[in-house]
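The sequence and the structure are shown first.

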Amino acid sequence: MRKFPEGFIWGTATASYQVEGATREGGRGRSIWDTFAHTPGKVAQGHHGDVACDHYHRYLDDIQLMKDLGISSYRFSIAWPRVMPEKGRVWVKGLDFYKRLIHALLEAGIRPAVTIYHWDLPQWIEDDGGWNSRETVSRFREYSEILFRELGDLVPMWITHNEPWCASILGYGLGAHAPGLCDWRRAYRAAHHLLLSHGHTVRLYRELGLKGEIGITLNLTPVYPASSRPEDVAAAHRQDMFQNRWFLDPVLKGAYPEELLRRVDAVVGGFDAVQPGDLEVISAPIDFLGVNYYSRAVVADDPADPLLGVRHVPGEGPRTEMDWEVYPEGLYDLLSRLRRDYGDVPIYITENGAAYDDRVEGGSVHDTNRIEYLALHFAAAHRFLEEGGNLRGYYVWSLMDNFEWAFGYTKRFGIVYVDYETLARIPKDSYFWYQQVIRDRAIAP
Ligand SMILES: OC[C@@H]1[C@@H](O)[C@H](O)[C@@H](O)c2nc(CNc3ccccc3)cn21
């Protein structure tokens, strides 16, 4: 058996817009994802989060599932539109649901890990410029201060942002996510303001003297060259800069990659969002780095690509329902690279999991493919730990099937199946497998 350390944190993760529903309850205002999902053509089959998994009303049953699972921590996000539903209005009572949720988690012996922002920006803030506007930085700090003052003594772990790369590139550059804009200049500016708001919020957390830990979650994708040809190796370097170092370097080294700044200058005419002192704020020391890992990228040189001169090529591994290659070695390589290039920063894997075409058969879901995926990735994490890696915990994405952004409910990541007709929860075989791993604090050799 491959044992994990005493005190290793086993968890599961979700996000507000993906599971809560109740989008018109408790005084909640509209988010950019309400707008985006209700815009025809943006989300598969016209799906939206109005009901989702109805976690807002079923959270006690879901906590019982977590308690039976045996996890020590649950990562979830707070919906900003519940606290700032409209311009000029703060609705602290919008936190009542989260206070109930947190107290119930603590009573169940489960450590709450709160993501302050997981993409559901209040629509009125987007109407005011959203993450393209520097004003949103101060609004995010104001929002964070409300959370810290209301929940700071109850919540021991805070994540400022989930995947600023996605929020900026997918939301403002490629238009695949809310708010659905296709403007690279806004994407770069949004990325900078997301990072700046992270730094100010970390500083605020320190100023308030709160006793927990705070960090940021980045989606990180190790990049491999399609061949050993120098031009493919150079292409992988460029993709790594765009995919990973763009956010890792400012947060952990206090500087953007020089080559990125040159490309931004060439593509959008300069990085006018950066002001003196910003990078010092962004690199405020953090207590941990949250890593979301799902798969790797393999790239070849392609001069025809205007942005980076790269072409993605498929890896040779099996694929999940998201058409992502199953490549557990990439997790080990990623964690080792972080330790090598960024020092011994404590790491939590804040998301890892897979979507598969799960079917209910006689009241069970035999998701052996997901068990295999998780076993291979747990083994990669264990290898890193064995080499002295500073890995604190692992949050499986996701506790339950949920709203998978532009794919709607067509992709299932949960270790618990959700019947969207009845909202019944059915623990999958992977739930019971994970339950045993937690009991053993080990995986089979
Ligand atoms: O797609 C699965 C999850 C998603 O449900 C989470 O909300 C989000 O935090 C998340 N991030 C990734 C990895 N990054 C990513 C890459 C391409 C598109 C969307 C997300 C996967 N996931």
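## Overall architecture

The protein chain has 15 helices and 15 strands; helices (H or I, at least four residues) and strands (E, at least two) are DSSP runs, numbered from the N terminus. The model is predicted: local features need pLDDT of at least 70 and side-chain atom pairs count only at pLDDT 80 or more, whereas totals for chains, interfaces and linings use all residues. Residues are numbered from 1 along each chain as its sequence is written, and side-chain values use heavy atoms, with hydrogens and water left out.

The C-alpha trace spans about 55 × 55 × 45 Å along the principal axes of the chain. For 445 residues, a compact globule would have a radius of gyration near 22 Å, and the 21 Å of the protein chain agrees with this; the radius is taken over C-alpha atoms, and the globule rule is 2.2 Å times the number of residues to the power 0.38. Of the 445 residues, 62% are buried, that is, under 20% relative accessible area, with exposed meaning over 50% and partly exposed in between (1.4 Å probe, protein chains only). Among contacts (heavy atoms within 4.5 Å) between residues at least 6 apart in sequence, 77% join residues at least 24 apart.

## Parallel strand pairs

Two strands pair if DSSP finds at least two bridges between them.

| Strands | Bridges | Sense |
|---|---|---|
| Strand 3 (residues 73–77) and strand 4 | five bridges | parallel |
| Strand 4 and strand 5 | four bridges | parallel |
| Strand 5 (residues 157–162) and strand 6 | four bridges | parallel |
| Strand 6 and strand 8 (residues 288–292) | five bridges | parallel |

Strand 4 (residues 111–117) is largely enclosed by the rest of the structure, because seven of its seven residues are buried. Within strand 4, Ala 113 is the bridge partner of Arg 75, while Tyr 117 stands opposite His 161 in strand 5.

Strand 6 (residues 213–219) is mostly covered, with seven of its seven residues buried. Glu 213, Gly 215, Thr 217 and Asn 219 lie on one side, and Ile 214, Ile 216 and Leu 218 on the other. Thr 217 of strand 6 is the bridge partner of Asn 162, and Ile 216 stands opposite Leu 289 in strand 8.

Three strands form an open sheet of mixed pairing in the order 7-9-10. Strand 7 (223–225) and strand 10 (310–312) stand at the edges with a single partner strand each, so one side of each has no neighbour in the sheet. From one strand to the next, the twist averages 40°. Strand 7 and strand 9 (residues 297–301) pair in the parallel sense over three bridges, and Ala 297 in strand 9 is the bridge partner of Val 223.

Helix 10 (residues 230–253) packs on this sheet, touching strand 7, strand 9 and strand 10, and its direction makes about 130° with that of strand 9. Axes are lines fitted to C-alpha atoms, for helices over the stretch in contact, and angles run from 0 to 180 degrees between N-to-C directions.

Asp 232 lies in helix 10 and is buried, with a relative accessible area of 3%. Leaving aside neighbours within four places in sequence, Asp 232 is in contact with Pro 225, Ala 226, Ser 227, Val 299, Ala 300 and Asp 301.
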